[in-house]
Amino acid sequence: MSSSVLHADEPGTKTLDYLRTHCIRCHGKDEQNADRRFDFLNDEIRDHESAELWQEVLDAVNRGEMPPEDEPQPSSEETTEFVSGLTRNLQFAREALATANQQRFRRMNRHEYRNTIRDLLGVNMDSFDPTTAFPADDRVDGFDNVGERLVLSDYLMQCYLEAASESIEKAIQSRQVVAPIHETLRAEDFSRRRFLFRPEQNFVVNPTGKYVDVAHSDPDLSRLHAKRFRGAPADGYYTIRVKAEGIHREHPYPRNALNVDREEPIKMQIIATDPNLARPGAGQNASDRIVATVPLADHQPRVYEFRTWLDKGFVPVIRYANGPINFRASLVRLVKKFHPETKTTNWLDVFSTEPSEILDVWISDAYKGPRMRVHQMEIAGPERRNSSKPDLLANPSSQSLAEFLYRAFRRPALESEVARFEGFYQSRIDGGESEQAAFTTTCKAILCSPNFLYVETPPDSARSEDEDYRLATRLSYFLWSSMPDDELLRSAASGKLSQPRTLLAQTRRMLQDPRAEAVVENFTNSWLHLHELGSMPPDTQKFAAYYDRQLEPLMRRETQLFFAEVLHKNLSIEHFIHSDFTFVNRYLAAHYELPNVQGDEFGRVTLPKGSLRGGLLGHASVLTATSNGVETSPVTRGIWVLENIVGSPPPPPPPDVEPLEPDIRGATTIREQLAKHRNVATCAECHRRIDPIGFALESFDPIGSFRHRYSNDSGTLVSIVDTTGKLPSGESFDNIAELKQLLLKQKAQFAKCLTEKMLTYALGREVGFQERPAVETIVDELEERGNGLRDLVELVVTSNVFNQN
């Protein structure tokens, strides 16, 4: 650090005087409102901690939040002098505390590791995951790629050793060449049971030998599995054809008798599963991977074809995706009322294996409810492997080892590194191993090297050509969460990648690549905390629709598709606050009460005028992730908006403040509950900012359904939802629509927040006062360009802070 003293009270600024006059009474020794204390700040900024506090003071004053409106107000001249003086002094601090040349290393997180193994070794990851034993990556403000928290433990190192071995062996296995198969599996291969004489949950019958019927949809019960098929003979792509039809979608029973939707087609689900993990036909297990879910034609046998990857030994099973769940109870009621002629004396005895009497008509004959009918399945493959892709493990040699090092380290290996691993390779051969075994063992060792496991770790910073390789790696892990491809590495090798024109061209190319789905999924999970979706499952009784329609993945997908649309079409980031469109399928549209949406596939829809669904604050993903599964909390949702939209998160509550008691709607209003927090001095300032925003979002229940009234535990509607509020600025609103308009007036603040979030994700480290000039430069240029999201990505990539080495 520079030996010069950093004054926070340069001549003419009177910075400390302003602080003492307008801040210390509420943030000093006697009171620490919002858990903040500034009386120990002095006229020297010597470290990052005090600099961050001074920056926080400056931001609060710039936003007009401090001093509060009920406190004596400084003159505009005093505030202007304070802001300009403190801004100048913080700039002095940045220069003195600069760490631009300090290397910041971080290891890959779990999804980066998986993607890198996929792209390095050419391993298909549809059903293979070498990271299952890895501990969860710590998150910082939602981000799981912040280097400071990605520590390396002895246990994780052992996991890396095992994952390297599994991945190399999997890559070798994937190249196994076998004669293709073409199996035809008929109804008799799936089931030999001809009838049912008693109601049971597991309804699977093969009455004629020509087809097999399934009438239940419980995922934990049996699926159609042909034991005769022993599994895929090798890793590869297979073609699966299933001849099937839907039976009795329109049935004669009462509408609520089976709890199925007559309006939607009967759906067949194809699942790939590992028979070595669990019995394939017994019900869902951890190895299951849904290949496809397709609607079946009614009473018209058709062939449905799927191309899918199967790992060696995996088998396909078939499930009725949208049929009755609690099927036995329903069938008992239906038999009693509609089919008494099918009842044997022991018809309700669950232990009987044979009927007590022989009847003319069995339950399985008389039942006229919805069923999935399967006639046969064909399995053909594997397809011939694409030989145009490089195989780094095919030819063991010193040259192949050098190529493997280059790709694994994402840069040219140093002579010392090459010598070390070639020596290891030769020592294994001298010890009696074959060249192939020695080569694969050496490759496993390379996958455990810090130069592979850590992002951006060039050991020799004096080599100028390394700078472009570091930039290539930084760019690829930002946009793809994976290693650079050949074209990006060639650009780095040419030494031109750091040129703005080349860097922009590569960025635009990479955003068009399917691998850019990684930045859509991982950034939205981090920024919007969508990783928390499902961590507190909604109450199964009060919110049955969440489970009946399997809404959780649909909620997440809506937000991802919305983000991708704004990104790829370079729409204004204002759409995140308010928009006139979103993405839904029929189930999510029904959840939102949007008319005229058909089909299971997502599509862009224009929202009706006056809809509250426009923007992220109307997305069920955000609204569900910010609820506890039972009730909503204005505090939780208000904090979410302050953190992720406004960009001014409140501090954690003081440890001596009691949390809110569970919300008992109708007995005590949520406003009355929160009032006691606003009466506590240390809480009042934060709740003045948090609560009004949270009240506006009370229009939505814990799974994001719109509501006008609260309901109690029995489902009875009680008190009316009050969505009015007043911001610290003095601006009032009546509902979420008006709140959005007030947030749009703060779009520069939102742009700053989103820029900081994206820089955090792109750099893999927290963004602090050191990066403030870079953030402000990006925000200013972004506004000039029209606030497009793709423009923001490009400005981040071409910024000095992203390009520094």
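Guide: A charge is taken to sit over a ring if NZ of Lys or CZ of Arg is within 6 Å of the ring centre and within 35 degrees of the ring normal. In this predicted model, the charged end of Arg 604 sits over the ring of Phe 581, 3.8 Å from its centre. Arg 474 lies over the face of Phe 802, at 5.7 Å from the ring centre.

Phe 581 and Phe 802 both belong to one aromatic cluster, whose members also include Phe 143, Phe 478, Trp 527, Phe 562 and Phe 576. The count of aromatic pairs comes to 29. In one of them, the ring centres of Trp 527 and Phe 576 are 5.3 Å apart and the planes stand at 85°, so the pair is edge-to-face. Trp 527 lies in helix H16 (residues 517-527) and Phe 576 in the loop between helix H18 (551-568) and strand E12 (581-584), so this pair ties together parts that are 49 residues apart in sequence. Trp 527 counts as buried at 0% relative accessibility, and Phe 576 is buried with a relative accessible area of 1%.

Phe 576 also pairs with Phe 562: the centres are 6.0 Å apart and the planes at 65°, so this pair too is edge-to-face. Here Phe 562 lies in helix H18, so the parts tied together are 14 residues apart in sequence.

Key. Residues numbered from 1 in each chain as written. Predicted model: local features only at pLDDT ≥ 70, side-chain atom pairs only at ≥ 80, totals over all residues. Heavy atoms only, no water. Phe/Tyr/Trp six-rings, centres within 6.5 Å; stacked < 30°, edge-to-face > 60°. Helix = DSSP H or I, 4+ residues; strand = E, 2+ residues; numbered from the N terminus. Buried < 20%, exposed > 50% of the residue type's maximum accessible area, 1.4 Å probe, protein only.
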